[in-house]
Amino acid sequence: MRVVGRGWNCERKCTDRLSSEGWKRMVKEIQLTPNEVQHFVNVASRCDFEIDISYNRYVVDAKSFLGVYGLDFRKPLKVSYEGYDRDFEELLKRLAIAS
């Protein structure tokens, strides 16, 4: 999938310049297990935009292993971000809660 925005093209990652030019903040619900935390954090860490993961009033940096591991995995988690990364989107699809 190719993303195009105001003269900037990217396939794998989008820069902060793209984000500041109109990326909407995406929010997706996922179900994560303790065994999946390391892979989730590794994929999130390769993204060049900020990613937050939250449960109720707790919001942590999704690139922090300890932060993510400290969340309650029995409940759905919300991931919010601005930007695009193909691998990250595929991971979110796999972890998405069926609606």
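Trainee: Let's start with R94: is this residue buried or exposed?

Mentor: R94 is exposed, with a relative accessible area of 52%. Buried means under 20% relative accessible area, exposed means over 50%, and partly exposed lies in between, using a 1.4 Å probe and protein chains only. Of the 99 residues of the protein, 38% count as buried.

Trainee: What should I know about the model itself before I go on?

Mentor: It is a predicted model, in which local features need pLDDT of at least 70 and side-chain atom pairs count only at pLDDT 80 or more, while totals for chains, interfaces and linings use all residues. Residues are numbered from 1 along each chain as its sequence is written, and side-chain values use heavy atoms, with hydrogens and water left out.

Trainee: What pLDDT does the protein average?

Mentor: pLDDT is the predictor's confidence in each residue, from 0 to 100. Here the average is 82, and 76% of the residues score at least 70. Take care with residues 1–19, where the pLDDT is below 50. That stretch still has 40 contacts in the model beyond near neighbours in sequence; a contact means heavy atoms within 4.5 Å.

Trainee: How many helices and strands are there?

Mentor: The protein has 4 helices and 6 strands. Both are DSSP runs numbered from the N terminus: helices are H or I over at least four residues, strands are E over at least two. Read from the N terminus, the order is β-β-α-β-α-β-β-α-β-α. Among contacts between residues at least 6 apart in sequence, 64% join residues at least 24 apart.

Trainee: Which residues of helix α2 are buried?

Mentor: In α2, which spans residues 37–45, the buried ones are V37, F40, V41, V43 and A44. They sit on the same side of α2, because they cover an arc of only 165° around the axis. The arc is that of the directions from the helix axis to the C-beta atoms. Here is the general idea: an α-helix has 3.6 residues a turn, so residues three or four places apart point the same way.

Trainee: What do the buried residues of α2 pack against?

Mentor: Their partners are β3 (26–30), β4 (51–55), α3 (65–69), β6 (77–81) and α4 (86–95).

Trainee: Now to charges. How many salt bridges does the count come to?

Mentor: The rule asks for a side-chain nitrogen of Lys or Arg within 4 Å of a carboxyl oxygen of Asp or Glu. The count comes to 4. One of them joins R25 and D52, at 3.2 Å from N to O. R25 lies in the loop between α1 (16–20) and β3 and D52 in strand β4, so this pair ties together parts 27 residues apart in sequence. R25 is partly exposed at 38%, and D52 is partly exposed too, at 21%.

Trainee: Which residue forms a salt bridge with E89?

Mentor: That is K28, with the closest N and O atoms 2.8 Å apart. E89 is buried at 13%, whereas K28 is partly exposed at 26%.

Our opening residue R94 has a salt bridge as well, with E36, at 3.7 Å between the closest N and O atoms. R94 is in helix α4 and E36 in the loop between β3 and α2, 58 residues apart. E36 is partly exposed, at 22%.

Trainee: Where is S80?

Mentor: S80 is in strand β6, and it is buried at 16%. Its side chain makes a polar contact of 3.4 Å with the side chain of R25. A polar contact is a pair of N or O atoms within 3.5 Å; within protein, one must be able to donate a hydrogen and the other to accept it, and residues adjacent in sequence count only if both atoms are side-chain atoms. Leaving out residues up to four places away in sequence, S80 touches R25, M26, V27, E50, I51 and D52. Both R25 and D52, the salt-bridge partners, are in that list.

Trainee: Last topic: how many aromatic pairs does the structure hold?

Mentor: Rings of Phe, Tyr and Trp (its six-membered ring) pair if their centres lie within 6.5 Å; planes under 30 degrees apart are stacked, over 60 edge-to-face, and the rest tilted. The structure holds 6 such pairs. Among them, F65 and Y69 are stacked, 5.4 Å centre to centre with 15° between the planes. Both lie in helix α3, 4 residues apart, about one turn of the helix. F65 is partly exposed at 32%, as is Y69 at 43%. Elsewhere, F40, F49, Y81 and F88 form one aromatic cluster, and F40 is also one of the buried residues of α2.
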